[in-house]
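Look through the sequence and the model below before reading on.

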Amino acid sequence: MMTATAPPEVVDESFIAVRGLSKAFGGQALYASFDLDLPKGKLTTIFGPNGCGKSTLINMMSGLIDFDAGSVEIGGQDFRAARIGYVFQNYRDSLFPWCSALENIEYPLKLRGISRSVQRFRVEALLAQFEITLDLNRPIYELSGGQQQLVAILRALVANPEVLFLDEPFSALDYEMTLYIRDKLQTVFMETGLTTVLVSHDLEEAVYLADRILLLSKRPTRIVELISYETPRPRTTDIMSDPQFVAVKAHALELFRREMQR
Amino acid sequence: MSATDILIDGKPRGYAKIAVPSATTLLPLVGPVVFILAWWLISASHVVRAVLLPSPLATFAYLGDALVHGTMLADTIVTLTRTLEAFAIGAVLGVPVGVAFGSNERLYRSIEFLVDFFRSMPASALIPLFILFFGITDINKVAIAAFSVFLIVTFNSAYGVMNAKKSRILAAKVMGATPFQIFRDVLLLESLPQTFVGLRNGISTSLVIVVVAEMFIGADQGLGHRIIEGEQILHVTDMYASIVVAGIVGYLLNVLFMVADKRLIHWNGK
């Protein structure tokens, strides 16, 4: 029954290629000769048991954490040469509180030595593109949590990244804000077609947002399955009762349960 | 506190309330009024001999006169100038040194004991040593205070940098910041709140050391000199008046730094 409704595994052209990745913490292997291929222009969510290293994986792919062995290539070149956008779980600790919202968003452009007027223009264009209104000149800490995370997302987007990584970007937000930012993220994705990798601790959310759901095992971590979910966008919460959504989620949950019992 | 809050909360300041002060706003005055009342009672009851404790009224009247007609203002300016000179020297040297040590944790660990040792040592214990080196000069008083300020500021700046939020450093790194850009745009600003704690402690310490130095390193001007002379020639009214002025100077410096802190480090605690 399950196998009948489960979608077939898809073969994508690889954009992010992880080869032989190894990482140990305190002598315990978290990743050992780990291989992974993620497609271009798709939104991949990463889901798996606690402590399987979901965040560690994107942190290694984005260069935030060193790994012991292996390679990560993005668009055919070493990840260190790639333009990466990264959204942290905790906006409070990753945005710059001494800056206004505008200065926070502009920062990656400032690092590249782009002139102030062009910076400003680029930010305005970004806000207009995603229909976001923000009081840009206010100190960042005066904005709501959701707005701050939105600033963090815009900051990650402003320098035209090749990949966008998000580490549980909704976990510090209340439910209302989560829904809003999720929608905005979907808009961003539809508008840009940016290769996106998002770590999630919520299976429903992971399926709802994803083109591909990367299901990971307990440590030492391997890929349980890279599940495909191709329901067209824009998706609304209505699709959560759609048979295909339910089937994919049930399939993922089944795999997850089986993984937990091993 | 509330006075400085009004300055920073960003609301229009033009609409100051024009109303009879309520009982709550008068609360901060209770302490000083009770204090002066107690002072007056003790001096009026002659529990303490009048030659040791003049009445508050006599003291403040004398103070007013000394400020306008006497040398009190000149002495205050001398002490304040020395305090600010010492502070400026200590801070200008201490902040960069602290930030440099703080951004290299191994370097800081290797001098940590030394900084902690001198920071814990009473600076007054070094006065004779400074006399040997600098003689009984004006420079001496400033030098020893500057030394103390330098230690406090260095220590706090170093810790400010070391305790910078790792995630902000990572955020800058993933956005492609060079080590220098991380230092300039993240570490330096992250260290500012702690650096300001150091500066505030530094200015208080500077005043303390300058006044002590003026007492014991043969000065002919300054509040410290005035206080010790008032004691020695039993001109107690002058001594009390000078103590009050020293207290006011210390208080005002502290308020100044608190306001500057709130305005400059507006994000602190947010």
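Which residues of helix 8 (residues 166–174) of chain B are buried? The model is a predicted one, and in it the buried residues of this helix are B:Arg168, B:Leu170, B:Ala171, B:Ala172 and B:Val174. Their cover comes from both chains: it includes strand 6 and helix 3 of chain A, together with helix 9 (179–216) of chain B. Just after helix 8 of chain B comes B:Gly176, which takes a positive phi of about 95°.

Next comes chain B as a whole. Of the 270 residues of chain B, 34% count as buried. Among the contacts in chain B with a separation of 6 or more, 74% join residues 24 or more positions apart.

One pair of helices in chain B can be followed in detail. Helix 5 (residues 105–120) and helix 7 (residues 138–162) of chain B pack at an angle of about 145°, and their axes are 10 Å apart. The crossing of helix 5 and helix 7 of chain B is left-handed. From helix 5 of chain B, the residues B:Glu105, B:Tyr108, B:Val115, B:Phe118 and B:Arg119 take part. They meet B:Leu151, B:Ile152, B:Thr154, B:Phe155, B:Ala158 and B:Met162 in helix 7 of chain B. The contact of these two helices has 8 nonpolar, 1 polar and 2 charged residues.

The largest nonpolar core has 124 residues. Those with the most contacts inside this core are A:Met61, A:Val151, A:Phe165, A:Ile213, B:Ala145 and B:Val149. Helix 9 of chain B gives the most to the core, with 14 residues. What does B:Ala145 touch, leaving aside its neighbours within four places in sequence? B:Ala145 is in contact with B:Thr83, B:Ala86, B:Ser206, B:Ile209, B:Val210 and B:Ala213.

Chain A also holds a sheet. It is an open sheet of 4 strands in the order 2-1-4-5, and the pairing is antiparallel. Strand 2 (28–39) and strand 5 (77–78) of chain A stand at the edges; each has a single partner strand, so one side of each is left without a neighbour in the sheet. Strand 1 (residues 14–25) and strand 2 of chain A pair in the antiparallel sense over 8 bridges. A:Lys23 stands opposite A:Tyr31 in strand 2 of chain A. Helix 2 (residues 54–61) of chain A packs on the sheet, where it touches strand 1, strand 2 and strand 4 (69–74) of chain A. The direction of helix 2 of chain A makes about 115° with that of strand 1 of chain A.

Conventions:
Residues are numbered from 1 along each chain as its sequence is written. Chains are lettered from A and ligands numbered from 1 in the order in which they are written. This is a predicted model: local features need pLDDT of at least 70, side-chain atom pairs count only at pLDDT 80 or more; totals for chains, interfaces and linings use all residues. Two strands pair if DSSP finds at least two bridges between them. Helices (H or I, at least four residues) and strands (E, at least two) are DSSP runs, numbered from the N terminus. Two residues are in contact if their C-beta atoms, placed from the backbone, lie within 7 Å. Axes are lines fitted to C-alpha atoms, for helices over the stretch in contact, and angles run from 0 to 180 degrees between N-to-C directions. A residue is buried if 20 or more other C-beta atoms lie within 10 Å of its own, exposed if 12 or fewer, and partly exposed in between; C-beta atoms are placed from the backbone. A nonpolar core is a set of buried Ala, Val, Leu, Ile, Met, Phe, Trp, Tyr and Cys residues joined through C-beta atoms within 7 Å. A crossing is left-handed if the near helix is turned anticlockwise from the far one by less than a right angle, and right-handed if clockwise. Ala, Val, Leu, Ile, Met, Phe, Trp, Tyr, Cys and Pro count as nonpolar, Asp, Glu, Lys and Arg as charged, and the others, Gly among them, as polar.
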